[in-house]
Amino acid sequence: MKNAVVIVLSLTFLGLGCTKSTNEKVAQDKPNIIIILTDDQGYKDVGFNGCTDIPTPNIDNIAENGVVFSSGYVTYAVCGPSRAGLITGRNQDRFGFSRNPLFAPKDSLMGLPLSEETLAEALSKGGYRSMAIGKWHLGAHESLRPLARGFDEFFGFLTGGHKYFPDDWTLNDVSEVKSQFEAYNTKLLKNNTRVEEQEYLTDALSREAVDFVERNAENPFFLYLAYNAPHAPLQATQKYLDRFPDIENKKRKTYAAMVSSVDDGVGLLLDKLNELEISENTIVFFLSDNGGPTHKNGSDNTPLRDGKGSMYEGGIRVPFAVQWPGTIPGGSTYDKPIISLDMFATAIAQAGLTSTNELDGVNLIPFITGQDKGTPHEYLYWRKYDQKRYAIRGSNMKLVNANGKNDELYNLSVDIGEKTQIKDSVVYNELKKLHDLWQNQNIDPVFLGLGQDKEYNKKNPERFMNVDEY
């Protein structure tokens, strides 16, 4: 995947607000929510999962102050569909977002369907102020952009990736984009206006996140901070590269520098929460949008098998942690399977709100505080429609079809690396039947995706012609 993520929720029980000011009570009664997402970060590439060559002290603070989800998953092995599931709390195959969307600013169907409620839209019903920062990748048409999907503010870019250095941002708006990946070179957007940004991309995103929190500290807010790093292209400033003189592999060194820049930004954000004295009212989720593409960006998914794009664990199990000081016990690990869908359900539950559509996630707080001793999900499901690949996890048993041809069964409790297949016809038949039933609830993709770029261009020869400036 191209991304990794963090969510921050701010909440106070009534009993904690009795000595606070009126403004502080308002903020506490309506939890603040921050989602920090990284892109294409490897499972092992955080300290709390055992990384030794890339220090991530600020990200690790989230784990130290809260809970590590050792079996934390996303809904898809690449970024677009994974983000669609995260932002709606619903498995994206329910509404046909089963492919990575193309950059097509004239196509109102190329992105998140309007039938789906975003977390920003759900929280707006509770008076939340919301901002999306960084990578959007949920549609470039005017009806699909962040400000049309519940967000009050936006700073970032619309497509599935971006260059990191301002000197590369040579295109003034979407009307100048003439091919899929030229969108990586657009100037950044601040709301509906292109801006002349001078900072390294990751640093600029972190700056805007801190500014948003500072401006909204006394009101309920939702911040969706979707970093582009460490997604390709591999680009880092000398400041961050100089931190890794002992990493000889050039790709790994640049990747490490990019992760380090994200960690700095997370630190600035956490420091601001502490400065404003709202940390104990804030839940912070951190995760990546999918597994690391190890050969492309030098990431490390150890001990998992494969990486981005795969139905094996390396594609869908990601670094995932949450903190809520004073409510969630720090320094613990939660091993029962959870999924990125749960962040939506957790957020609205703590805010006392309901969703328009049926959710596939659950409120995690009762589980990780020990109030609920049960299992958040009896089964988790995945599919890659075009490749005919799929997976289902029930308890510790996982049925996976990673090549579109052969089914494989693994016991993840003793074989997290999926090295030794299990022969158990009873378990196999049960999982296969359940996955087939789930498949029948899904719909076919509603748009052509990145893998069908040439086909889409043939069907839409005016894709990049007469595009309105934006």
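In which sense do β3 and strand β12 pair, and over how many bridges? They pair in the parallel sense, over three bridges. Keep in mind as you look through these close-ups that this is a predicted model.

**View 1. Strand β3 with its partners β11 and β12.** Here you can follow β3, which covers residues 66-69, next to β11, residues 320-323. These two strands pair in the antiparallel sense, again over three bridges. On its other pairing, with β12 (residues 332-334), β3 runs in the parallel sense. V67 is a handy residue to look for: its bridge partner in β11 is V322, and in β12 it stands opposite S332.

**View 2. Helix α2 packing on helix α7.** Find α2 at residues 57-65 and α7 at residues 250-275. Their axes are 7 Å apart and meet at an angle of about 55°, so α2 counts as oblique to α7. On the α2 side, P57, N58, I59, N61 and I62 make the contact, while α7 brings in D263, D264, V266, G267 and L270. Sort the residues of this contact by type and you get five nonpolar, three polar and two charged.

**View 3. The largest nonpolar core, and another one apart from it.** A set of 62 residues makes up the largest nonpolar core. Which residues have the most contacts inside it? They are F69, L123, F222 and Y224. Helix α10, residues 342-351, gives the most to this core, with five residues. Another core, of 41 residues, lies apart from it, and A63, A204, L241 and V262 are among its members. As a bit of background, nonpolar side chains tend to be buried together in soluble globular proteins.

**View 4. A closer look at Y224.** Leaving out residues up to four places away in sequence, Y224 touches I35, L37, R83, L86, I87, M131, A132, I133, K135 and F151. Y224 is also one of the residues with the most contacts inside the largest core.

View 5. Is α10 mostly covered or mostly uncovered? It is mostly covered, with nine of its ten residues buried. The buried ones are D342, M343, F344, A345, T346, A347, I348, Q350 and A351.

**View 6. R129 and its surroundings.** R129 sits in strand β5, which spans residues 129-135. With a relative accessible area of 34%, R129 is partly exposed. Its contacts, not counting residues up to four places away in sequence, are D152, E153, F212, N216, P220, F221 and F222. Look at P220 in particular: it is 91 residues away from R129 along the chain, yet their C-alpha atoms are separated by 6.4 Å.

View 7. Zoom in on β15 (residues 389-394) and β16 (residues 397-401), and you will find five bridges between them.

Notes. Residues numbered from 1 in each chain as written. Predicted model: local features only at pLDDT ≥ 70, side-chain atom pairs only at ≥ 80, totals over all residues. Heavy atoms only, no water. Pairing = 2+ DSSP bridges. Helix = DSSP H or I, 4+ residues; strand = E, 2+ residues; numbered from the N terminus. Axes fitted to C-alpha atoms, helices over the stretch in contact; angles between N-to-C directions. Parallel < 35°, antiparallel > 145°, perpendicular 65-115°, else oblique. Contact = heavy atoms within 4.5 Å. Nonpolar A, V, L, I, M, F, W, Y, C, P; charged D, E, K, R; others polar. Core = buried A, V, L, I, M, F, W, Y, C linked by side-chain atoms within 4.5 Å. Buried < 20%, exposed > 50% of the residue type's maximum accessible area, 1.4 Å probe, protein only.
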